Amino acid sequence: GVLLANAGHFDCEVKVSELGEISERVVEMRHNVEGYVQKDGRILNVIAGGRLVNLASGDGHPAEIMDMSFALQFLAQKYIKENHDSMKAGLMNLPEDIDYSVAVRKLKAMGGNVDVLTPQQHKYLYGE
């Protein structure tokens with residue numbers, strides 16, 4: 001009765017071909033769920049054929065999310081190209097202004113905007 005799903009980045013966490021070799025038979029339990037019946041009667045349920053479950057079984061990555069991901073990836077590459085001489089090797093966060101610019105553009109495209117603190121609010125929060 002166990003459920004097996006691949007939630008990683010590659011189709012290798014669930015070795016479906018090997019599972020098929022050790023199983024008596026495979027039955028469709030429901031849409032996108034195959035039951036691999038073992039000799040002792042246990043059923044190992046594989047979701048989405050062992051493929052990436054969020055892509056193969058769900059809606060995948062919606063365009064409304066991927067557009068921001070691609071924009072951030074592109075701008076990160078552009079930043080590296082323009083600043084590589086002054087950068088140190090290692091892991092670093094994306095500069096906040098790049099992240100913020102993508103968020104502002106996305107909200108604007110969706111008909112929204114980012115609230116900005118009034119001078120009084122800024123002074124209250126930061127004492128400046």
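This briefing covers a strand, its pairing partners, a nonpolar core and a surface patch. The model is a predicted one. Strand S4, residues 43–47, is mostly covered, with four of its five residues buried, and Val46 belongs to the largest nonpolar core.

**Strand pairing around S4**
- Strand S1, which spans residues 2–4, pairs with S4 in the parallel sense over three bridges, and within this pairing Leu4 has Val46 of S4 as its bridge partner.
- Strand S3, which spans residues 33–37, pairs with S4 in the antiparallel sense over five bridges, and Gly35 stands opposite Asn45 in S4.
- The hairpin formed by S3 and S4 has five residues between the strands, and Gly41 takes a positive phi near 95° in this hairpin.

**The nonpolar core**
- The largest nonpolar core is made up of five residues, namely Val14, Leu19, Tyr36, Leu44 and Val46.
- When neighbours within four places in sequence are left aside, Val46 is in contact with Leu4, Val14, Val16, Leu19, Asn32, Val33, Glu34 and Tyr36.
- In a regular strand, side chains alternate between the two faces of the sheet.

**The surface patch**
- A nonpolar patch on the surface is formed by Tyr100, Val104, Leu107 and Val114, which together have about 300 Å² of accessible area.
- Val104, one of the residues of this patch, is found in helix H4, which covers residues 96–109.
- Val104 counts as partly exposed because its relative accessibility is 31%, a value that lies between the limits of 20% for buried and 50% for exposed.

Definitions and conventions
Residues are numbered from 1 along each chain as its sequence is written. This is a predicted model: local features need pLDDT of at least 70, side-chain atom pairs count only at pLDDT 80 or more; totals for chains, interfaces and linings use all residues. Side-chain values use heavy atoms; hydrogens and water are left out. A nonpolar core is a set of buried Ala, Val, Leu, Ile, Met, Phe, Trp, Tyr and Cys residues joined through side-chain atoms within 4.5 Å. Buried means under 20% relative accessible area, exposed over 50%, partly exposed in between (1.4 Å probe, protein chains only). Contact means heavy atoms within 4.5 Å. Patches are made of residues with over 30% relative accessible area and no salt bridge: like charges are joined within 9 Å, nonpolar side chains (Val, Leu, Ile, Met, Phe, Trp, Tyr) within 5 Å. Accessible areas come from the Shrake-Rupley method with a 1.4 Å probe; for residues, only the protein chains shown count as cover. A salt bridge is a side-chain nitrogen of Lys or Arg within 4 Å of a carboxyl oxygen of Asp or Glu. Helices (H or I, at least four residues) and strands (E, at least two) are DSSP runs, numbered from the N terminus. Two strands pair if DSSP finds at least two bridges between them.
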